[in-house]
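Reader: I have a chain to go through with you. Can we put it up and take it piece by piece?

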Amino acid sequence: MAREIGAFAGRHVLAELRGIAPGLLDDPVFLREALRSAVTEAGATVREVVGHRFEPQGVTVLALLAESHASVHTYPEIGAVFADVFTCGDQADPVLAVRLLSAALDAADVEMSVVERGEKHVTADR
């Protein structure tokens, strides 16, 4: 049974991706497109994507989604990323978004935790 429209519920994925080429992690244009593509392919509706490159290195990218938000914060010096994807409702799959982002970054290692938030009613396919 699907959640009711407007139900106060969602899934929040927190992930650490490692073993990534440092050049990718210092490229805000690539990272904005990689995050936009991952969340879109996972069923989310992107409203806006913004990013900032830090000196001497590192990038933070935030995606405002109709379903909530997604972000990445990079550490090129160690080839790692913190990723955060939260979606409300059943349309978007935040776990898939992180997997797609990991593939785009060619990450060697991914650690992921999923938190069910709000009302704990889940659909049969989850």
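Reader: Which residue caps the N-terminal end of α2?
Author: Aspartate 93 caps that end of α2. One of its side-chain oxygens lies 3.0 Å from the backbone nitrogen of valine 95. A polar contact is a pair of N or O atoms within 3.5 Å; within protein, one must be able to donate a hydrogen and the other to accept it, and residues adjacent in sequence count only if both atoms are side-chain atoms.

Reader: What am I looking at, and how is it numbered?
Author: This is a predicted model: local features need pLDDT of at least 70, side-chain atom pairs count only at pLDDT 80 or more, and totals for chains, interfaces and linings use all residues. Residues are numbered from 1 along each chain as its sequence is written, and side-chain values use heavy atoms, with hydrogens and water left out.

Reader: What order do the elements come in?
Author: From the N terminus they run β-α-β-β-β-β-α-β. That makes two helices and six strands. Both are DSSP runs numbered from the N terminus: helices are H or I with at least four residues, strands E with at least two.

Reader: Back to α2. Which residues are buried there?
Author: Pro94, Val95, Ala97, Val98, Leu101, Ser102 and Leu105. They span an arc of only 160° around the axis, so they sit on the same side of α2. The arc is that of the directions from the helix axis to the C-beta atoms. Buried means under 20% relative accessible area, exposed over 50%, partly exposed in between (1.4 Å probe, protein chains only).

Reader: Why would they line up like that?
Author: An α-helix has 3.6 residues a turn, so residues three or four places apart point the same way.

Reader: What covers them, and what is on the other face?
Author: The cover includes β1, α1, β4, β5 and β6 (109-118). The face turned away from the buried side carries the exposed Arg99 and Ala103.

Reader: And α1, which residues does it bury?
Author: Pro28, Leu31, Ala34, Leu35, Ala38 and Val39. Their arc is only 125°, which puts them on the same side of α1. They pack against β2 (46-53), β3 (59-65), β4 (68-75) and α2 (94-105).

Reader: What caps α1, and what follows it?
Author: Aspartate 27 caps the N-terminal end, with a side-chain oxygen 3.1 Å from the backbone nitrogen of valine 29. Glycine 43 follows α1, and its phi is positive, near 100°. After α2 comes aspartate 106, with a positive phi near 55°.

Reader: Switching to the core. Which residues touch the most other members?
Author: Leu17, Leu35, Val39, Val81, Leu101 and Leu105, in a largest nonpolar core of 30 residues. Such a core is a set of buried Ala, Val, Leu, Ile, Met, Phe, Trp, Tyr and Cys residues joined through side-chain atoms within 4.5 Å.

Reader: What does valine 81 touch?
Author: Leaving out residues up to four places away in sequence, its contacts include Ala15, Leu17, Val72 and Leu105. Contact means heavy atoms within 4.5 Å.

Reader: Serine 68: buried or exposed?
Author: Serine 68 is buried, at 19% relative accessible area. Its side chain makes a 3.2 Å polar contact with that of histidine 69.

Reader: And glutamate 48, where is that?
Author: In strand β2. Glutamate 48 is partly exposed, at 46%. Leucine 65 is 17 residues from it in sequence and 7.2 Å away, C-alpha to C-alpha.
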